[in-house]
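Trainee: Could you walk me through how to read a fold like this one? I would like to start with the inside and then look at charged pairs.

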Amino acid sequence: MSKIIDTRYDPMLPTLLMSLHSEYVSQVLRGEKVIEYRKKFFPDAFQAFVYTTGKNGGIEFFMKCDPPISADAQTLATIGSAIQKDDYTAIFDYFKEKNTGCLIPITAVSKIAKISLAILRAHYPKFCVPQKYLFLDVPNKQPLFEFLLDQACLANFTNDWHNYYQIIKNIIK
């Protein structure tokens, strides 16, 4: 098996650690979830290791993402329902308070064997699960970053965003 660094890692992109709820992790790993919604997020393209929240949490995959698309609640809900078949009202309601937010295009995913919170804390006692995100490619996170890059890649897939961007272009017109 090849390592993440051999298959997907791009040293020119920032590398984050972010969290998702388990239901969304399952959808990403099945290729059903190609959009992540956030009220505010890092504004550029990035790659991230993703921590699954909950009592059986852990880091289960690495993903690459294009720059977030910022828009108003109505536009984001329209895009989400067109591309991912998400419930328009649920997405609109998520963003309506400030009438702004972003959707993050998930372009590629690499599955790894789950690294549990117990293992992470045994090796890195100060490990903390981020609520939003944190940068891994900074000096004080280097040991954890290198450990994660050394993980075996169990499966890779790419989400074809060519058609999705055309749908978004037509919606935003």
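Trainee: Which residues have the most contacts inside the largest nonpolar core?

Mentor: Keep in mind that this is a predicted model. Its largest nonpolar core holds 18 residues, and Phe49 and Ile59 have the most contacts inside it. Two or more residues each come from β3 (46-52), β4 (58-65), β6 (101-116) and α6 (142-149). The largest share, 4 residues, is given by α6.

Trainee: What is Ile59 in contact with, leaving aside its neighbours within four places in sequence?

Mentor: Its partners include Phe49, Ile112, Leu120 and Leu148. There is also a second, separate core of 17 residues, with Val28, Ala48, Met63 and Ile104 among them.

Trainee: Now the charges. How many salt bridges does a search of the whole structure find?

Mentor: The general idea is that side chains of opposite charge can pair when their charged atoms come close. Here the search finds 5 salt bridges. In one of them, Asp150 pairs with Lys3, with the closest N and O atoms 2.8 Å apart. Asp150 sits in the loop between α6 and β8 (153-158) and Lys3 in the segment before α1 (4-7), so the pair ties together parts that are 147 residues apart in sequence.

Trainee: Are the side chains that meet in the Lys33 and Glu36 salt bridge buried or exposed?

Mentor: Lys33 is buried, at 4% relative accessible area, and Glu36 also counts as buried, at 7%. Their N to O distance is 3.3 Å. Compare Asp93 and Lys96, paired at 3.6 Å: Asp93 is partly exposed at 38%, and Lys96 is partly exposed at 48%. Finally, salt bridges with shared partners join Lys33, Glu36 and Arg38 into one network.

Note on methods
Residues numbered from 1 in each chain as written. Predicted model: local features only at pLDDT ≥ 70, side-chain atom pairs only at ≥ 80, totals over all residues. Heavy atoms only, no water. Core = buried A, V, L, I, M, F, W, Y, C linked by side-chain atoms within 4.5 Å. Buried < 20%, exposed > 50% of the residue type's maximum accessible area, 1.4 Å probe, protein only. Contact = heavy atoms within 4.5 Å. Salt bridge = Lys/Arg side-chain N within 4 Å of Asp/Glu carboxyl O.
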